[in-house]
Amino acid sequence: MKLIKIMFTFLALTLNTFSIQAQHVSDPELVAEGAKAYSENCARCHNARPAEEYSKKEWSVVIPHMRAKAHMTGKEALAVEAFLASTLTADVRNARDYENRTTTRSGAELVTQFGCQGCHQLKGEGGKLGPSLDNVVINRGETFILNKLMDPKFNNAASAMPKYPMSEEDIKAIIDFLRN
Amino acid sequence: MKKVILQSAVATAISISMLTSATAQESSALDIGRLAIAGYGDVTYIEQSNMKDEEGNDVQNNVVARFVPIFLFQMSEKIHIEAELEFSTNAEGETETELEYANMHYFYNDNTIITAGKFLLPFGQFGANLHPSWINKAASNPGIYGGHGGNGALGGVTGIWNDTGINIANTWNLGDAGRVFTDFYTVSGPRQEEGDHGGGVEIESKKGDNNDSMAFGGRIAYAFLPEWEIGMSYYSGAYSDDGDLDYNAYNIDFNWVGSYASVRGEIFGSTAETEGEEEGEEEGHGEEWVKDFDKRGWYIQGTWQARQLGKAWLNPVEFVVRYSDIESDFDGSVDHDFEEDGGKTGSRVYYGVNYWLEPSAVLKLGAESTSIDNEAASHTTVPDDRIFLQLAFGF
């Protein structure tokens with residue numbers, strides 16, 4: 001009985017803090033937050049599972065399961081979902097969406113939009129799930145990075161990095177950005 | 001009493017969700033799904049000379065397999081249902097089916113989750129979070145936890161895995177200072193073992209409770225993400241049929257997860273009260289006693305990914321070392337219900353190499369060796385060394 005009382009005290013304490021913000025899921029800020037929450041939480045217990053393993057619909061059911069496991073807040077879970085969804089197209093094979101690309105995006109925009117810094121450090125800022133990208137072009141060469149972004153699993157079958165729906169121009173723009 | 005608590009919790013949860021669902025609906029423009037099927041499975045080949053099962057019979061079958069589907073339902077943004085079934089073949093070649101968990105999460109607010117039903121108890125890390133075979137870095141359980149199908153000559157501390165009841169989980173975000181996770185639960189609790197060896201503690205919820213007292217417990221953890229988490233767990237419940245004898249347990253877990261390496265460990269201690277009678281003089285009964293029998297154990301596990309060396313062919317390779325140790329009060333001087341534990345304390349070391357085929361598919365090669373402290377008190381002395389080859393996958 002004592003425990004029940006403690007439980008209800010907890011409930012009362014936490015009751016007043018709740019309101020989900022109506023934030024659009026393609027909001028780049030939410031995606032960046034989600035990439036960070038993903039890199040901080042999703043490799044704590046097991047290898048991080050890359051986005052393309054499930055559809056958006058499946059992720060929306062899996063994430064609440066993981067929210068409970070990971071003790072994430074509702075806001076963090078929503079952000080992770082938004083991040084995963086941002087890397088997935090409607091296409092089952094997650095083909096790059098050439099049609100939707102009306103304007104060319106700069107490397108800096110793409111790096112922000114895809115939440116690279118959720119998992120990678122750039123000039124000391126960012127997550128640590130993946131290695132720092134500071135001198136990656138010099139160290140690894142352009143072809144390697146091109147291959148990596150086309151298919152993150154090409155050199156590492158257990159890679160957590162998402163397979164992004166990007167065109168080759170997008171990738172070139174990112175490489176140019178990373179060179180500096 | 002137990003039923004009433006569960007029912008009222010579920011009823012409260014549902015009525016609160018009706019109040020809030022109207023505002024929650026419009027919050028997301030995601031593709032919302034309703035059902036997902038996930039899970040894991042494994043096939044393990046065990047090579048061991050003179051292999052015996054728990055009863056001392058020769059083991060017929062040294063390949064065991066498991067298939068563990070998980071069913072996830074999203075009823076609404078606030079209510080989520082999950083169930084996990086385990087189908088396994090054991091060393092005797094029989095097929096076993098078990099309900100690992102079946103429960104409802106109610107996402108009460110941004111940082112509170114209420115879970116009701118049968119769930120994995122938040123006691124330590126291994127039982128709740130690390131035991132699925134694609135997550136467990138080794139092909140066997142830490143020595144302090146008896147495995148499925150026995151633990152060889154080494155006896156585990158009575159594992160605290162899953163039970164039926166209600167849990168409330170909270171996350172307290174301290175900003176730059178990290179975060180605190182809390183779990184508090186009340187469940188139907190441990191029971192007294194039946195059968196020849198009878199009398200010991202058994203935590204098995206499928207038979208229902210044997211006394212009218214619930215067990216309770218909790219875990220408080222401090223996490224400094226992404227690298228650190230340290231947790232303290234406690235569990236207490238009456239286990240005897242008359243409700244007079246208690247089983248108490250604690251666990252301290254620590255976890256460090258780096259980009260290429262990880263170190264985890266747990267300290268696990270338990271105390272079971274046991275009763276008996278002094279030898280009576282002539283016909284009469286002797287004095288009754290209740291004694292505490294302690295059993296303690298710990299394990300530490302390190303992993304390292306060879307990816308750190310920057311050679312492409314080493315990217316999928318990971319090394320694992322684990323050391324486990326168990327000790328207990330048993331010295332054979334008094335006859336008591338935990339006699340079975342005699343000769344079952346000692347230490348065990350596991351060395352393994354993992355080859356990752358996917359983020360959640362792995363081929364594990366491992367070798368395990370055990371040394372028993374008090375072999376003289378043991379019923380059977382079987383060499384407790386083995387080699388594993390396991391294919392494990394999560395899907």
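Predicted model: local features only at pLDDT ≥ 70, side-chain atom pairs only at ≥ 80, totals over all residues.
**The interface of chain A and chain B**

Between chain A and chain B an area of about 5,500 Å² is buried, with carbon and sulfur atoms giving 62% of it; buried area here is the accessible area, taken with a 1.4 Å probe, that two parts lose on being put together, summed over both. Residues are numbered from 1 along each chain as its sequence is written, chains are lettered from A in the order in which they are written, and side-chain values use heavy atoms, with hydrogens and water left out.

In terms of contact, meaning heavy atoms within 4.5 Å, 60 residues of chain A meet 73 residues of chain B.

Which residue does Lys153(A) form a salt bridge with? The partner is Glu358(B), and the closest N and O atoms are 3.1 Å apart; the rule, which asks for a side-chain nitrogen of Lys or Arg within 4 Å of a carboxyl oxygen of Asp or Glu, finds four salt bridges across this interface.

Turning to the elements, which are DSSP runs numbered from the N terminus, with helices being H or I of at least four residues, those that give two or more residues to the side of chain A that touches chain B are H1 (2-15), H2 (28-41), H3 (56-70) and H4 (74-86) of chain A. Of these, H3(A) gives the most, with twelve residues.
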